[in-house]
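My notes follow in the order I took them.

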Amino acid sequence: MATKSVHLPVLQSGLGKTLRRDNWWVGPLTTGTILVAFIVYATFRGFENANYEWGPYLSPMYSPLIDTSFAKNWPIPVSGAMLILGGPASFRLTCYYYRKAYYRAFAMDPPGCAVGERNAHKYNGETKLFIFQNLHRFTLYVALAFLVFLWHDAITGLIGWKDGVHLATGTLVITMNATLLSLYTFSCHALRHLVGGNVNSYSTAFMGGLRFKLWKIVSKLNEKHMLFAWMSLFGVGLTDFYVRCVCTHAITDFRIF
Ligand code: FES
């Protein structure tokens with residue numbers, strides 16, 4: 001049977017040069033726009049240092065809540081969001097998926113598959129300036145600790161009302177955020193290696209059966225890691241925005257029971 005030949009685009013030298021005929025630039029442009037928008041919004045919220053707490057609700061950008069009264073006479077403004085930012089930011093910055101996304105969007109090195117890059121002969125891998133990328137496995141532990149705080153916030157959004165237990169729109173929003181961040185964290189490549197890697201034989205490994213089951217679950221989630229990366233980023237932004245809107249009375253929190 002005759003096989004159909006496939007012609008792949010050949011890499012052209014020079015930034016942006018390519019034989020690709022599709023709109024390859026849409027992906028990096030969208031990625032860059034969303035990331036810049038999120039960074040601008042998060043920076044604004046970090047400096048605002050207000051409207052992050054309402055009733056039992058706490059914005060994820062300020063969780064865990066830190067009392068910054070010790071810094072009130074400091075020459076520079078300090079908010080709780082600024083103090084905790086390093087935890088989640090380092091996890092996302094070193095995420096294997098986000099690396100690809102922002103290398104393409106910002107460094108354009110390369111901007112896409114089979115698209116000419118800036119310094120085609122100067123790739124140093126994750127060394128020198130990017131050596132911090134190797135810390136991802138450690139930032140994973142930080143992210144897991146943050147999940148404890150976020151689930152605490154979700155439960156508080158349900159049972160932390162002064163007059164008992166209530167389910168409201170905010171409770172659902174905060175719970176959705178904790179769920180999305182859990183999916184993002186539990187689909188992490190480093191976690192997949194942690195639970196199932198470094199094993200030659202599951203049947204002879206310590207807790208091999210359990211590790212194999214966990215590895216299969218994390219592997220399944222890992223297939224959707226990119227999706228969870230974006231959904232959880234939107235989740236953090238929208239949850240914070242919701243809490244801010246309730247704090248400023250721009251919207252009213254709707255109580256279901
Ligand atoms: S690889 Fe993306 S969070 Fe670990």
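**Ring and charge**

I began with Arg-255, which lies over the face of Trp-161, 4.9 Å from the ring centre. I count a charge as over a ring if NZ of Lys or CZ of Arg is within 6 Å of the ring centre and within 35 degrees of the ring normal.

The model is predicted, so I took local features only at pLDDT of at least 70 and side-chain atom pairs only at pLDDT 80 or more, while totals for chains, interfaces and linings use all residues. Residues are numbered from 1 along each chain as its sequence is written, and side-chain values use heavy atoms, with hydrogens and water left out.

**Aromatic pairs**

I pair rings of Phe, Tyr and Trp (its six-membered ring) if their centres lie within 6.5 Å; planes under 30 degrees apart are stacked, over 60 edge-to-face, and the rest tilted. By this rule I get 16 aromatic pairs. One of them is Tyr-97 with Trp-230, edge-to-face at 6.2 Å centre to centre and 80° between the planes. Tyr-97 lies in helix H4 (residues 96-107) and Trp-230 in helix H9 (residues 225-247), so this pair ties together parts 133 residues apart in sequence. Helices here are DSSP runs (H or I, at least four residues), numbered from the N terminus.

Tyr-97, at 12%, is buried, and Trp-230, at 15%, is buried.

**Helix H4**

I checked the length of H4 next. Its expected span is 1.5 Å times one less than its number of residues. For the 12 residues of H4 that should be 16 Å, and the end C-alpha atoms are 16 Å apart, which agrees. The buried residues of H4 include Tyr-97, Tyr-98, Arg-99 and Ala-101. What do the buried residues of H4 pack against? I find helix H1 (26-48), helix H3 (86-93), helix H5 (136-159), helix H6 (169-186) and H9 (contact means heavy atoms within 4.5 Å). Met-108 follows H4 and has a positive phi, near 50°.

Note on methods:
Helix = DSSP H or I, 4+ residues; strand = E, 2+ residues; numbered from the N terminus. Buried < 20%, exposed > 50% of the residue type's maximum accessible area, 1.4 Å probe, protein only.
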